[in-house]
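This briefing concerns the architecture of one protein model.

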Amino acid sequence: MDEKLTVNDETTKQEDIKSALYSEAWEQETEKKERDFLPPYFLQNYLYSGNQEILSQAEEFVDMDQWKSWNRMIMIETDKNFFDSGERFFLEALSDTIHRKFYYLNIGATQSLLFFSDVYCDYFLVARQIYQFLKQKYIGGFYVGVSRHFEKMQEMPTVLEELEKLLEGKFYNSQKNVFSEDEEEQYRRPTESQDSQIMQKISEDIRRKDPEQLREHFRILADKYREKNKHSAMYVKFVFSSVIQELCQDQQFAEERKLEREVEKLYRCSNMDEVLALTEGSIAQFEELLEYSMKELRSKIPAVKSYVYEHYGENLGIDMLADRFDLSPGYLSYLFKKETGISLKRFIRVFRMEKAGELLCTTDKNIVQISKAVGFSNVSYFYRSFWRYYGCSPESYRKITDKK
């Protein structure tokens with residue numbers, strides 16, 4: 001009997017311990033949730049009210065040194081209820097993509113804010129990277145806005161108001177998805193090589209499939225960071241990982257696993273030489289791919305030339321020709337020059353001038369008729385083009401050739 005009581009007592013004791021442990025864990029979890037809830041609660045209230053008393057109330061629950069360190073905000077807006085679900089996975093994927101430390105604040109189903117502390121950083125480039133990430137990973141329309149630099153947390157409510165006005169630009173410019181308070185200021189400083197400006201040029205080079213210009217703009221970026229500078233090693237890696245990501249935007253070069261592998265390798269680099277070598281290796285692979293694809297497309301160049309010979313009197317814009325031969329305008333221009341040694345635009349102009357000279361010699365058509373016959377709707381422009389090519393006016397050319 002005593003033995004049975006002892007067993008029951010032991011069982012009750014174990015259950016009491018389990019209950020106490022469960023209660024303690026529950027309290028700790030509750031406290032954690034409260035701690036996690038309070039900072040964004042105070043921050044959002046302060047941002048939208050501007051009430052300085054909230055800062056005093058928040059001091060007990062908030063790391064004010066963190067708030068004071070922030071100097072930039074990036075706002076993300078979307079046209080659907082995006083930020084109400086899958087937030088943790090979204091933040092993990094975003095962090096893995098931009099490799100930057102940030103504080104995240106969900107301010108609604110369609111809006112969120114990121115807060116950054118780095119001083120030496122081109123945040124327009126970061127915003128472009130965020131937009132590319134969102135466009136690739138998720139369905140819907142996304143817009144990203146970068147605030148101006150600020151130094152005091154007391155400025156944040158005003159900065160947020162400016163940021164919201166900035167993103168209203170999406171209603172007036174449907175082709176634009178990334179907005180920046182500093183964008184105009186950056187472009188007024190041509191002596192400074194802004195990372196976002198260089199990356200824009202690199203992106204255009206890749207889209208046009210122009211490896212020569214791609215190499216040149218990569219060299220500018222490499223020269224900027226080859227020597228020791230004020231930027232952190234992580235930021236420098238972020239900049240050059242952006243080059244690799246731009247390369248992988250190209251459909252022929254795109255491969256998600258390849259992108260992840262190359263970016264992961266880049267972030268493991270221990271010095272600048274390794275970063276540059278790896279990035280340059282990706283550019284070399286892109287060039288090889290272009291060269292390989294050119295072998296199949298070279299046969300289109302004689303067809304393009306034949307079309308120009310037969311339709312020189314019509315509209316021969318590069319966009320039209322590219323569409324007709326199922327090529328991108330940039331790639332057609334690159335391929336044509338690579339194969340012929342002359343740009344497509346110049347080839348068309350030269351052929352038209354040769355035909356104009358021929359018509360002046362062999363027909364009695366007046367200058368206006370000849371201008372239209374060789375594809376010039378503007379006679380004045382025809383005159384200028386003819387003079388640059390032959391060194392004389394059409395009338396003088398006709399007189400000279402008549403004497404011969």
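The points below are grouped by topic.

The model is predicted, so local features need pLDDT of at least 70 and side-chain atom pairs count only at pLDDT 80 or more, while totals for chains, interfaces and linings use all residues. Residues are numbered from 1 along each chain as its sequence is written, and side-chain values use heavy atoms, with hydrogens and water left out. Helices (H or I, at least four residues) and strands (E, at least two) are DSSP runs, numbered from the N terminus.

- Five strands form an open sheet in the order 2-3-1-4-5, with mixed pairing; two strands pair if DSSP finds at least two bridges between them.
- Strand 2 (103-108) and strand 5 (178-180) are the edge strands, each pairing on one side only.
- From one strand to the next, the twist averages 20°.
- Strand 4 (residues 142-146) and strand 5 run parallel and are joined by three bridges; Val146 has Ser180 of strand 5 as its bridge partner.

**Helices across the sheet**

- Helix 5 lies across strand 1 (72-78), strand 3 (111-116), strand 4 and strand 5, and runs at about 165° to strand 4. Axes are lines fitted to C-alpha atoms, for helices over the stretch in contact, and angles run from 0 to 180 degrees between N-to-C directions.
- Helix 6 (residues 156-166) also lies across strand 1, strand 3, strand 4 and strand 5, at about 40° to strand 1.

**Packing of helix 9 and helix 10**

- Helix 9 (residues 211-226) packs with helix 10 at an angle of about 170°, their axes being 11 Å apart. Helix 9 is therefore roughly antiparallel to helix 10 (angles over 145 degrees count as such).
- The contact (heavy atoms within 4.5 Å) includes Leu214, Phe218 and Leu221 from helix 9, and Tyr235, Val239 and Phe240 from helix 10.
- By class, this contact of helix 9 with helix 10 has 11 nonpolar, no polar and no charged residues. Ala, Val, Leu, Ile, Met, Phe, Trp, Tyr, Cys and Pro count as nonpolar, Asp, Glu, Lys and Arg as charged, and the others, Gly among them, as polar.

**Cavity**

- The structure holds one cavity of 30 Å³ or more. On a 1 Å grid over the protein atoms alone, a cavity is a set of points where a 1.4 Å probe fits but cannot get out, and lining residues have an atom within 4 Å of a point.
- The lining of the largest cavity consists of Leu125, Arg128, Gln129, Gln132, Ser242 and Glu246. Helix 5 (123-137) and helix 10 (233-247) are the elements giving two or more residues to this lining, and helix 5 gives the most, with four.
- The lining residues divide into one nonpolar, three polar and two charged.

Key. On a 1 Å grid over the protein atoms alone, a cavity is a set of points where a 1.4 Å probe fits but cannot get out, and a pocket is an open set with protein on both sides within 12 Å along at least five of seven lines; lining residues have an atom within 4 Å of a point. Grid points are joined across faces, edges and corners, and a volume is the space filled by probe spheres set on the points. Angles under 35 degrees count as roughly parallel, over 145 as roughly antiparallel, 65 to 115 as roughly perpendicular and the rest as oblique.
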